[in-house]
Amino acid sequence: MAWSTAVPAVSAAFLASLVEVVEAFTIVLAVATLRGWRPAVLGTAAGLAVLAGIVLILGPVLDRVPITTLQLAIGILLLLFGMGWLRKASLRAAGVIPLHDEDAIFAAEAAELSEHAHRQRQNLQWVAGITTLKAVLLEGLEVVFIVIAVGAGRGLLVPASLGALAACAVVLVAGAIVHRPLSRVPENTLKFGVGVMLSSFGVFWTGEGLGIAWPGEDLALLLFAALFLGAGMIGSTLARRLAVEFA
Amino acid sequence: MTMLKELAAELISMFAAEKWLTIAVLAIVAAAGSVVDVAGLNPLVGGAVLLFGCLILLVESVCRSARKGAS
């Protein structure tokens, strides 16, 4: 295993998972605060079980796909996903779109559950459980995709999974300590960094899938990351100026 | 059923949040592939098309959204 590939893959899985787990944790915490830990934990467990099922089904299927086809398909998906994140992070950094606010999400989720409580007294535990299941499943899907995408191309599924699990552990421990939404996580900086990494992997895998032998092999990833970081920052600076100009 | 719809929407939005960016990325990949497979040029030329195409596209996409007031 080349460290020049493994370290970016594990870091990308860890950081991306950190962002997604914080988002899921905010909703789980909102449900637990309002409706108790039982539906929150049950919904989370059900969501994790569905995700595990998806991984168990996808894993063996991926083994049967030829490596160049897999690299091309995953590379294109990573490019679409990574550039989407980078685009949004650049726009947030420029102040064109608002920053993600975990406190606001917590308040909105709590308000929705309270409103539901007024309208419908029955089945509240069920609604609370479904809310957490949905949050864990939706955010978890992105984690699963990132782990598969950065890990499958070079047999790094286990290290990438460990990176994602470490992110879950960090969020759970931090959440248990502060016992409130983790609003101090520099989410946009993380998303910017993850967008850079995923886009770099995207170009790398897509190129390999097309039969391009990158000079320096895995080390080319570092150059790609530097270029995407520069492009994201240039985009953000230009966007700030344009937003003022067109305001 | 609603949850399945939301799941499908989430999956689609993961890769195609902005239609223009998605189409342009796919076009650049197709162009890079054509350079390598159809034109038969040095694969690194295809690599340059892919890399610099994506970089330019990113800056253009961010500026485009800023001009539109973003989405």
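**Chain B against chain A**

Author: Along its sequence, chain B follows the pattern α-α-α. What follows describes a predicted model. The radius of gyration of chain B is 16 Å, well over the 11 Å that the globule rule gives for 71 residues, so chain B is more spread out than a compact globule. Taken along the principal axes, the box filled by its C-alpha atoms is roughly 50 × 30 × 10 Å. Of the 71 residues of chain B, 32% count as buried.

Among the contacts in chain A between residues at least 6 apart in sequence, 86% join residues at least 24 apart.

Between the two chains, 34 residues of chain B are in contact with 42 residues of chain A. On the side of chain B that touches chain A, the elements giving two or more residues are α1 (2-15), α2 (19-37) and α3 (43-68) of chain B. Of these, α3(B) gives the most, with 16 residues. By class, this side of chain B divides into 24 nonpolar, six polar and four charged residues.

One helix pair across the interface can be followed in detail. Two packed helices are described by the angle between their axes and the distance between the axes. For α3(A) and α2(B), the angle is about 135° and the axes are 10 Å apart. An angle over 145 degrees would count as roughly antiparallel, and one from 65 to 115 as roughly perpendicular; α3(A) and α2(B) are therefore oblique to each other. The crossing of α3(A) past α2(B) is right-handed. From α3(A), the residues taking part are A:I76, A:L79, A:L80, A:M83, A:G84 and A:R87, and they meet B:L21, B:T22, B:V25 and B:V29 in α2(B). This contact has seven nonpolar, two polar and one charged residues.

Helix α3 of chain A (residues 67-93) also packs within its own chain, against helix α7 (residues 187-209) of chain A. Here the axes come within 6 Å and cross at roughly 150°. That makes α3(A) roughly antiparallel to α7(A), because angles over 145 degrees are counted that way. α3(A) passes α7(A) in a left-handed crossing, whereas its crossing with α2(B) is right-handed. The residues of the contact between α3(A) and α7(A) divide into 18 nonpolar, ten polar and three charged.

A:R87 is a residue of helix α3 of chain A, and it is among those that meet α2(B). Is A:R87 buried or exposed? It has 26 C-beta neighbours inside 10 Å and the cut-off for burial is 20 or more, so A:R87 counts as buried. Leaving aside residues up to four places away in sequence, A:R87 touches B:E18, B:L21, B:L58, B:S61, B:V62 and B:S65. Within chain A, A:R87 and A:G195 are 108 residues apart in sequence, and their C-alpha atoms are 8.2 Å apart in space.

A second residue with a contact to chain B is A:E142, placed in helix α5 (residues 124-152) of chain A. A:E142 has 20 other C-beta atoms within 10 Å, so it is buried. Apart from residues up to four places away in sequence, A:E142 touches A:E20 and B:M14. A:E142 and A:S236 are 94 residues apart in sequence and 24 Å apart in space, C-alpha to C-alpha.

A last point concerns a loop of chain A. Most residues other than glycine have a negative phi. The phi of A:E217, however, is near 45°, a positive value in a residue other than glycine. A:E217 lies in the loop between α7 and α8 (220-246) of chain A. With 13 C-beta neighbours inside 10 Å, A:E217 counts as partly exposed.

Definitions and conventions. Residues numbered from 1 in each chain as written. Chains lettered and ligands numbered in written order. Predicted model: local features only at pLDDT ≥ 70, side-chain atom pairs only at ≥ 80, totals over all residues. Axes fitted to C-alpha atoms, helices over the stretch in contact; angles between N-to-C directions. Helix = DSSP H or I, 4+ residues; strand = E, 2+ residues; numbered from the N terminus. Parallel < 35°, antiparallel > 145°, perpendicular 65-115°, else oblique. Left-handed = near helix turned anticlockwise from the far one by under 90°. Nonpolar A, V, L, I, M, F, W, Y, C, P; charged D, E, K, R; others polar. Buried ≥ 20, exposed ≤ 12 C-beta atoms within 10 Å, placed from the backbone. Contact = placed C-beta atoms within 7 Å. Rg over C-alpha atoms; globule rule 2.2 N^0.38 Å.
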